[in-house]
Amino acid sequence: MSRLLRFTGTPFGLATLACLVLAGWALWTGGVLDGAIARDVRVSSVHAAPGVEIDEPAAEQVIGNRRLVTVFLEPDADLREGCRATRRAADGTLALALSREVDGDGYDTYGCAWLPDRDDTNFGRAAVAETIIARGADQFPDDPVEALKVIVVNYDLLVRAGTIPDGARTISPSLPRLLIAAAAVLAVGVGAASIWLFAWRAGRAATRRRADRQELADSRSRLSAAAAVLAQQLIDLDREYAQVERALARGNRAAGERRNFIQRYRRLTMDYTELLPDIVAVDGTDEADVNQLIARLEALSERGNKLARSPAVTGG
């Protein structure tokens with residue numbers, strides 16, 4: 001105990017404690033204690049509880065990059081708790097929890113407007129948004145995707161009315177913060193213990209381990225950068241996708257090119273969605289796996305570049 005107290009009294013010991021506190025903060029804010037709902041909506045706009053039938057890719061497509069999160073729960077679920085479970089994972093969005101009525105033909109709903117200053121100057125706007133967002137969804141009790149289209153229309157009306165702020169939702173996976181936490185715990189904790197207990201030989205071993213961790217950290221940093229670039233490409237392409245769909249609805253000129261663009265865009269977003277769990281779960285994988293993920297992300301990014309230069313977008 002006295003040895004531990006002497007260690008914490010040194011500058012190196014204080015730095016170790018500070019890094020451990022930082023690691024704990026990073027783990028907490030990165031979602032290490034998230035439940036199933038929070039983990040899902042942190043990287044997605046739709047959560048469906050087990051047993052709830054919904055075409056999630058189609059639902060994601062309907063929402064697009066709006067600041068809207070929907071949680072479909074089983075009948076008799078606690079909608080209030082389900083909605084509030086999205087608070088940290090989907091901050092800045094309008095969340096809505098839904099479940100089929102047990103003795104009725106419609107949905108039970110509960111809204112949570114996680115808007116800036118929602119408990120102060122924007123309290124009234126948040127209350128209005130929570131009240132209006134689910135209107136009309138009961139018309140499609142057996143088709144959640146169609147009900148979601150009504151909810152999206154309500155969302156757009158709220159944006160145009162100035163009730164909720166406009167803008168796209170940027171999904172930021174918690175991976176970077178979890179990597180910072182893991183690196184802090186391993187590098188500082190293991191390194192300090194090795195230097196303190198095993199002196200020169202343990203210190204040399206710690207140096208080798210630190211070099212290996214640095215190489216893996218560099219690979220993970222490149223992975224995070226590649227994921228961020230692809231996410232921004234998808235956000236930019238989403239606007240082009242909406243314009244191409246409107247152009248396709250107005251006439252048949254260049255219809256083949258537009259349909260080809262739409263099919264390729266949908267395939268790209270689905271491939272990206274399928275890759276997200278591997279990116280989130282990358283912590284603990286070796287460098288070869290991380291590099292493989294980087295290669296897959298770069299391939300998707302190249303597809304996004306080709307889509308951005310396609311005739312349906314450039315008008316060529």
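Asp76 is exposed, at 67% relative accessibility (exposed means over 50% relative accessible area, buried under 20%, and partly exposed in between, with a 1.4 Å probe and protein chains only). The model is predicted: local features need pLDDT of at least 70, side-chain atom pairs count only at pLDDT 80 or more, and totals for chains, interfaces and linings use all residues. Residues are numbered from 1 along each chain as its sequence is written, and side-chain values use heavy atoms, with hydrogens and water left out.

Asp76 sits in the loop between strand 2 and helix 5. Helices (H or I, at least four residues) and strands (E, at least two) are DSSP runs, numbered from the N terminus. The phi angle of Asp76 is near 70 degrees, a positive value in a residue other than glycine. Glu74 lies in the loop between strand 2 (68–73) and helix 5 (79–84). Glu74 is partly exposed, with a relative accessible area of 36%.

Glu74 and Asp76 belong to a negative surface patch, together with Asp103, Asp105, Asp108 and Asp138. Patches are made of residues with over 30% relative accessible area and no salt bridge; like charges are joined within 9 Å, and nonpolar side chains (Val, Leu, Ile, Met, Phe, Trp, Tyr) within 5 Å. Asp and Glu count as negative and Lys and Arg as positive, while His and the chain ends are not counted. The place of a charge is taken as CG of Asp, CD of Glu, NZ of Lys or CZ of Arg. Accessible areas come from the Shrake-Rupley method with a 1.4 Å probe.

Strand 2 pairs with strand 3 in the parallel sense, over six bridges. Pairing requires at least two DSSP bridges between two strands. Val71 stands opposite Ala97 in strand 3. Strand 3 (residues 94–100) is mostly covered, with six of its seven residues buried.

Seven salt bridges are counted (a side-chain nitrogen of Lys or Arg within 4 Å of a carboxyl oxygen of Asp or Glu). Asp271 bridges Arg267, with the closest N and O atoms 2.7 Å apart. The two are four residues apart in helix 9 (residues 255–280), so about one helical turn separates them. Asp271 is buried, at 18% relative accessible area. Arg267 is partly exposed, at 36%. Arg267 also meets Glu274 in a salt bridge (3.6 Å, N to O). Asp271 forms a salt bridge with Arg303 (2.8 Å, N to O). Asp271 lies in helix 9 and Arg303 in helix 10 (residues 287–308), so this pair ties together parts 32 residues apart in sequence. Shared partners join Arg267, Asp271, Glu274 and Arg303 into one salt-bridge network.
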